[in-house]
Amino acid sequence: MKIKFLYILVIYNIFVITLKSEPASPKEHPMEISAIDSKIELKRSQIIKLEKLKESILRKKKSGERIKVGVALSGGGSKGFAHIGVLRVLQENNIPIDYISGTSMGGIVASLYAVGYNPDEIEVVVKTMDWRYRLSNDPMRSDIPLEEKFKSEKYFASVTYDEKLNFSLPKGVLTGEKSYLKLKELFWNVKEVKSFDEFNPVLRIVATDFNTGKAKSFDSGDLALIVSASMAIPTIYDPVKIGDKVYIDGMVSRNLPVEDLFLAGADIVIASDVGAPQIDTLTYNLLTVVGKISTYRGAESTEKQRALATVIIDPDVKLDDAINFDNFDDLISKGESAAKEKLQQLEKYKDSEKEKERHRQLVLDDVYIDNIQIADSKFLVEEVKEDIVKDHLNKKIPGMVSYQDLESLMMKLYAMPYIEKSYYTIDGSTLKIGVDENELNFIRVGANYNSDTGGKLAVGTDLAKIGKIGRMTSLEFELGEYKSAEFNNFWYYGKKNKIGINLSLGYEETPLYIYDERSLKAESKDESKFIDLSFTTKLFRQFDFSAGLKYIDTENEFDVGSDEYKDILNKKYEYQEVYLKLVLDRKNNSIYPTKGNYLEARHEVGGVGSDEVEYYSELGVIQGYMPVTPKLSFNASLSGGVVSGENIPLGNHFKIGGINSDLDNNYISFYGYNMMRKLVSEFMIGQIGAQYMIYPNVYILAKANVLTYTGAEYNDSIEGAGNLMFEDFKQGYGVTLGYKSIFGPLELSLTNDADSYKSAIISVNMGYVF
């Protein structure tokens, strides 16, 4: 959804957040004398606190008591990795840390240190973490219900709306679910600790109250959720609800949390500041614009916090990219260098006794759960909520539950279309689950351009009623040279595994091309009206089986081309079809998968109750994907089909060619032919390929395939009509350069021409195929 209006919306929202809590100008809002007196009183209170702090330090010096040291770590995106180097130097030189605070990325580092990780272990954590995965938004594809896969992989954008047609725009580009769950894992050993005063050192995390714009210093609660709030960059990440308030990134209000440590009990504070000063720049993007605007007000606060700090460490990272998560060593080294420059100032705070070596062994022990509590839901009654959780937990309650079980549960809940975010805490033997919910109704938008068939736009709306007995209703339109409209309603019983009745009514237009060798000789359009009633089961989020009866009224109209094809391209049929269909989808991605498999099988008997049409059709496709390295994978597939009978509608034959398949309309991909080059009644294709990720989201694919087929038996003028299965084999091969964009795949393909050694075929596809 990174389009121009969203970009403008992001910037506008940031300005609102930034300016919302800005003090009013005296010219615009003249202050009363009482307001001035209040400010004077506040300053006096702050002076009194500082005087008491000064007295405390002097008293400790006289008595020989050790001064309590606090360390404040600022936010700054990936530049916050420099804090690891700062902590390492402090630890190596016996500088005690009694209190620690952090904002945003500084909050992550501070929290890890507070719960027991030493700097070396924190370095391992940040270097081994899959940042691309943890900072992404998509749920695991294996967790998405199959019916939702079909929809989400057709549309690139969606908005929700309620029963009163009030539309809800996204709260942010990212929900933060995956990073939250990683924090839950890292903090697993302290999952039952509620007060941050129990940590060693004592911890404080700063976030910003979304409604007031004021800094909030957290000293207790769900640590992972609080750290998630502290790093929730406005409009990039969803705001985080904690209790009855909503919070965003602490950098908006207090990026360098120094005063929080004094209030907690520190005598002196060492501040590590990686929040770069505002500098002029002529290069920018969405993230850098958001970052700059978000820190305008925070910069004023940072000046005040720096003035309060006893020692300031400034790692030389102001020119480093805050979103570069590959430059760990350099950033950590800069933190070490900056801290070493301050050792002379820090000498006086050394502890004569070497600090005990810190080591945090992460043990993901199982926990006993005998009760589950789910936060109030707008859509689910209590018994259904608990049933859904227990079904997806895959463990008997009461019983032992592992961290992996809980992460899997949260990801499965998160994969539900109406769950925006899920989170949990463990209180004794009670699992407490909270969810942020979307509205149940969606409007979705998709688009596709294919160099063979042109462009089209898809718009759909979904309405749902959730429960053990539920309903999913959708209305979809496709606009372009070929149009369609479909109403679909699925009444079901079940929660994870659904069984029900599906009714579809629709109108669809599809193209049909007739080739003579490489030349397009004729083109027609199939116009079909249909009613489809089926019994459907959707099991295990990956399996779908349907048995149905379909009424079809179709008319094929000759459009352009040679007159010799008019007779076979001007046909009209009205008939019924009985079918069985099975789908097993275990691919890890819808486009450019690297792991898993896909199976689809279909059997159809057409012409039931009709003297005009009589045929049977079978189609089978199996695909497998195997990773070799993180960037390289191999794939293989085998597909085959047959249609046989009397007076078979021409559009029910298989259309061979193109780089992508559309099995619902019998379009079968084959490297070596452009789309619909061959119209066949029987075929088999074997394909092998390799896929390599050049850059994130940029792939190159190489494929080779072999085809044998029997041509459609309509007319000798149709190319390949006399061809028989296994008598001839066609070889094709080619390469595709693809980019996984928010709009779907953007692909440029170059293949050989399987009918001519002297020719090549260039194909373009943009967007999801539908």
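**A walk through the predicted chain**

Buried residues account for 52% of the 770 residues in the protein chain. The model is a predicted one. Its protein chain carries 16 helices and 33 strands. The protein chain exposes about 36000 Å². Carbon and sulfur atoms supply 54% of that area.

Phe 150 and Ser 590 are 440 residues apart in sequence. In space, their C-alpha atoms are 9.6 Å apart. Phe 150 belongs to helix α7, which covers residues 146-152. Is Phe 150 buried, partly exposed or exposed? Its relative accessible area is 43%. Buried means under 20% and exposed means over 50%. Phe 150 has 43%, so it counts as partly exposed.

Now turn to the aromatic rings. The structure holds 14 aromatic pairs. Ring pairs also build a cluster, and its members are Phe 81, Trp 131, Phe 325 and Phe 328.

Rings take part in another arrangement, with lysine. Which ring lies under the charged end of Lys 184? It is the ring of Tyr 424, with the charged end 4.6 Å from the ring centre. Lys 216 lies over the face of Phe 218. Here the distance to the ring centre is 5.5 Å.

Technical notes:
Residues numbered from 1 in each chain as written. Predicted model: local features only at pLDDT ≥ 70, side-chain atom pairs only at ≥ 80, totals over all residues. Heavy atoms only, no water. Helix = DSSP H or I, 4+ residues; strand = E, 2+ residues; numbered from the N terminus. Buried < 20%, exposed > 50% of the residue type's maximum accessible area, 1.4 Å probe, protein only. Areas by Shrake-Rupley, 256 points an atom, 1.4 Å probe, with all protein chains shown as cover. Phe/Tyr/Trp six-rings, centres within 6.5 Å; stacked < 30°, edge-to-face > 60°. Lys NZ or Arg CZ within 6 Å of the ring centre and 35° of its normal.
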